[in-house]
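Here's a quick briefing to read with the model open beside you. Have a look around first, then work through the topics below.

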2 protein chains.
Amino acid sequence: MVTAISPLAPQNVPDMPRIAGIRLATAAAGIRYQNRTDVLLALFDKGTSVAGVFTKSKCPSAAVDWCRARLKGGEARALVVNSGNANAFTGKIGRQATALTAAIAAKAIESNPGKIFLASTGVIGEPLDATKFDGVLDELAKNATPDGWHNAARAIMTTDTFAKVATATVKLGKTKVRINGIAKGAGMIAPDMATLLAFVFTDAPISSGVLQTLLKSGVNDTFNAVTIDGDTSTSDTLMAFATGAAAAKGAPVIKRANDPHLKAFAAAFHGILADLAEQVARDGEGARKLVEVVVEGAHSDKSARKVAMSIANSPLVKTAVAGEDANWGRVVMAVGKAGEPANRDKLAISFNGIRVASRGARDPAYNEEQVSATMKQPKIQIKVAMGIGKGRDRVLTCDLTKEYVAINGDYRS
Amino acid sequence: MVTAISPLAPQNVPDMPRIAGIRLATAAAGIRYQNRTDVLLALFDKGTSVAGVFTKSKCPSAAVDWCRARLKGGEARALVVNSGNANAFTGKIGRQATALTAAIAAKAIESNPGKIFLASTGVIGEPLDATKFDGVLDELAKNATPDGWHNAARAIMTTDTFAKVATATVKLGKTKVRINGIAKGAGMIAPDMATLLAFVFTDAPISSGVLQTLLKSGVNDTFNAVTIDGDTSTSDTLMAFATGAAAAKGAPVIKRANDPHLKAFAAAFHGILADLAEQVARDGEGARKLVEVVVEGAHSDKSARKVAMSIANSPLVKTAVAGEDANWGRVVMAVGKAGEPANRDKLAISFNGIRVASRGARDPAYNEEQVSATMKQPKIQIKVAMGIGKGRDRVLTCDLTKEYVAINGDYRS
């Protein structure tokens with residue numbers, strides 16, 4: 001198991017402020033890992049609204065099924081996340097485990113299981129012994145404090161090499177509100193929903209309906225635009241919780257997505273999603289390079305997304321980047337196999353702004369030394385100008401290294 | 001560069017018989033490699049019919065464009081194949097190179113460039129210097145002999161670790177005819193056409209139209225059912241050449257695909273395609289395990305193909321196999337992400353016939369030792385019973401190892 005921190009980890013980790021109405025606690029329940037925390041309990045004051053988007057997998061985890069069914073209520077009192085076991089493909093026992101976990105949490109905080117939200121991440125197919133939460137959640141509920149955001153992010157990690165946090169302060173009306181986010185996810189990351197666990201918290205008074213709109217519109221160019229290996233987890237979960245505590249300080253209550261007060265908040269909220277999504281790419285299993293794929297001049301934005309994903313998921317492109325080789329031939333291959341409208345003789349390809357190919361052939365100004373030098377950078381932008389339309393898109397990925405194989409060849413054993 | 005022969009290479013390599021009407025020669029033209037042959041010239045007697053299927057890439061190579069345009073003529077006098085340079089994404093220079101190569105070959109054999117077929121494999125984006133064929137093809141035409149099939153297969157290799165040949169003898173009417181095949185391809189292999197270079201040759205008198213029908217119907221469950229890395233080459237080419245020489249020995253001339261004489265021949269022809277396709281999977285870059293994915297009980301055959309490909313292309317499944325880990329959770333993940341109709345609670349999954357999961361959970365009879373032992377085998381069959389319909393499909397792939405990354409991270413440099 002590779003445990004060194006990704007060389008692409010953010011240099012500056014923000015201090016995470018308190019958010020009125022939220023308390024946190026973590027514990028080592030021994031779900032799977034030794035000597036580390038593996039359970040997070042987040043407690044919310046009454047009136048906290050909730051929204052979520054989940055994996056598009058046809059075989060979702062028991063926790064995903066649980067949350068989907070409880071979102072209608074629109075209110076959350078607690079979030080329980082465990083790492084080490086995904087409680088996925090665990091059948092009836094898995095469903096029983098979610099019900100038992102929610103019941104234990106509800107009892108601990110004297111609430112209703114329908115207001116308890118759950119997420120599990122880790123190995124698939126192993127029964128999750130929810131009785132391990134008995135006692136643990138009681139203790140956590142007693143000890144929960146407004147601090148400990150970094151610990152919270154740490155408790156939900158699996159093969160992540162660093163904890164992922166982001167924070168923003170923005171005005172809602174004339175009142176400052178805060179947005180904190182935490183995320184985990186390093187492999188089994190691909191679009192078609194969130195592709196990881198990510199949770200966003202705010203004290204802004206935002207209805208669950210508006211929160212849902214913000215998630216749905218925000219996920220497309222953030223979490224859904226990140227791919228590590230093209231594999232989509234059964235457990236992908238992105239949830240948002242709004243305590244509304246800032247209303248007491250004068251923040252307007254937002255019940256409509258077109259409320260003009262929402263604009264700055266929505267931008268900040270989107271920024272948190274983008275920040276966390278990039279951190280996920282930066283912690284791709286075995287990643288040594290952050291790769292940004294930009295496709296422009298495509299037939300449509302949707303077409304640009306397909307081409308960008310074809311490039312970003314190509315093992316041959318990703319291994320070339322790992323080898324610091326500006327192998328534009330493989331980029332052409334990936335454009336070609338995407339099946340989208342393309343004209344070879346109009347394609348132009350650049351690496352970090354250096355054009356290597358244009359009009360269906362190697363660029364006349366191609367300079368091997370210059371290109372080789374730029375490929376040594378930790379961030380590589382591959383830009384493809386299709387030259388046939390106005391469609392544009394951008395996705396993030398990472399290189400494919402021997403470490404990815406090592407991590408995933410040994411994971412379960 | 002890893003050069004050891006794949007441990008999955010066939011144990012028994014057949015002797016390759018002569019085929020009346022065909023002569024072969026190979027040379028070291030120094031296209032890219034040192035100290036090895038890199039050009040194959042196959043010469044056909046007059047009246048040889050030809051058919052071909054090609055990559056579905058939107059950015060096909062110049063050689064693919066050349067062949068597609070010349071297939072209408074229906075007749076072939078020569079095939080020129082070079083390895084080391086794919087002549088793809090080479091623009092106008094690439095088109096000139098194909099025209100020049102065909103002109104040189106046509107002059108050498110006193111034929112017409114429209115009857116010369118070309119294939120190139122190797123690096124994309126580098127101009128191919130076709131003047132290197134000048135003199136070389138003359139020499140080859142002079143020295144061509146009816147033998148040398150193994151040398152022919154060897155001359156078209158790139159990262160292949162063994163030459164791929166197959167042969168069959170079958171009766172057409174009352175006359176024995178022969179079918180020989182050669183292929184190359186170890187990476188950049190995925191369906192949506194042939195995904196490699198493969199050439200099939202026969203002395204049977206088969207019209208180009210019938211030959212085309214045999215290729216189109218034969219490719220779906222052979223070459224199109226093989227995936228190494230989900231990447232599709234710009235140069236994929238599968239061509240068939242029928243000299244018709246067996247007509248002189250009494251073989252009936254076949255001009256209609258429903259000719260009853262064709263049945264046994266069609267089966268043998270299909271067998272050659274299947275044999276070569278499996279050899280490609282066995283030589284997957286870095287492969288240590290041959291993986292057969294069988295999906296049954298799916299909504300439809302088409303749906304079964306999509307699910308099988310989702311499993312076969314999943315990096316997480318492939319690394320698990322490399323780690324000898326029967327990680328059925330990742331198989332569930334890959335079923336789920338395929339987007340096809342699936343019911344988690346009806347799924348059953350087995351490895352080499354040992355059922356590990358059923359009805360949405362771990363199989364009660366699961367025996368870790370037994371499963372671990374079978375994962376050490378060189379061939380792993382992953383079978384998924386979807387339990388919802390009658391759709392069935394089978395695809396071949398291989399595991400994903402550190403050697404794949406090493407091979408593809410260093411290839412161009």
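A word on confidence first: pLDDT is the predictor's confidence in each residue, from 0 to 100. Chain A averages a pLDDT of 90, with 94% of its residues at 70 or more. This is a predicted model, in which local features need pLDDT of at least 70 and side-chain atom pairs count only at pLDDT 80 or more, while totals for chains, interfaces and linings use all residues. Residues are numbered from 1 along each chain as its sequence is written, and chains are lettered from A and ligands numbered from 1 in the order in which they are written.

**Confidence**

- For the complex as a whole, the predictor reports an ipTM of 0.73 and a pTM of 0.81.
- One stretch to watch is residues 190-195 of chain A, where pLDDT stays under 50. The model still has 35 contacts for that stretch beyond four places in sequence, a contact being two residues whose C-beta atoms, placed from the backbone, lie within 7 Å.
- Where pLDDT is low, the predicted coordinates should not be read in detail.

**Chain A as a whole**

- You'll find eleven helices and 15 strands in chain A. Helices (H or I, at least four residues) and strands (E, at least two) are DSSP runs, numbered from the N terminus.
- The C-alpha trace of chain A spans about 70 × 55 × 35 Å along its principal axes.
- Chain A has a radius of gyration of 22 Å, which agrees with the value near 22 Å for a compact globule of 413 residues. That radius is taken over C-alpha atoms, and the globule rule is 2.2 Å times the number of residues to the power 0.38.
- Of the 413 residues in chain A, 62% are buried. Buried means that 20 or more other C-beta atoms lie within 10 Å of a residue's own, exposed means 12 or fewer, and partly exposed is in between, with C-beta atoms placed from the backbone.
- Among contacts in chain A with a separation of 6 or more, 81% join residues 24 or more positions apart.

**Two domains in chain A**

- Chain A is assigned domain 1 (22-282) and domain 2 (290-410), with bounds that come from an automatic or database domain assignment.
- The C-alpha centres of these two domains of chain A are 33 Å apart.
- Where they touch, twelve residues of domain 1 meet eleven residues of domain 2 in chain A.
- The domain 1 side of that contact in chain A has six nonpolar, four polar and two charged residues. Here Ala, Val, Leu, Ile, Met, Phe, Trp, Tyr, Cys and Pro count as nonpolar, Asp, Glu, Lys and Arg as charged, and the others, Gly among them, as polar.

**Where the chains meet**

- The contact takes in 55 residues of chain A and 54 residues of chain B.
- On the chain B side, the elements giving two or more residues are helix H2 (91-108), helix H8 (315-322), helix H9 (328-337), strand E13 (361-362) and helix H11 (402-410).
- H9(B) supplies the largest share of that side, seven residues.
- By residue type, the chain B side splits into 21 nonpolar, 21 polar and twelve charged.

**Helix H8 of chain B**

- After H8(B) comes B:Glu324, with a positive phi near 55°.

**Local spots in chain A**

- Most residues other than glycine have a negative phi, and most peptide bonds are trans.
- A:Asn35 has a positive phi near 60° and sits in the loop between strand E1 (22-27) and strand E2 (39-44) of chain A. With 6 C-beta neighbours inside 10 Å, A:Asn35 is exposed.
- A:Asn87 also has a positive phi, about 50°, in the loop between strand E4 (78-85) and helix H2 (91-109) of chain A. A:Asn87 is buried, because 32 other C-beta atoms lie within 10 Å.
- A:Gly339 lies in the loop between helix H9 (328-337) and strand E11 (348-351) of chain A, and is partly exposed with 15 other C-beta atoms within 10 Å.
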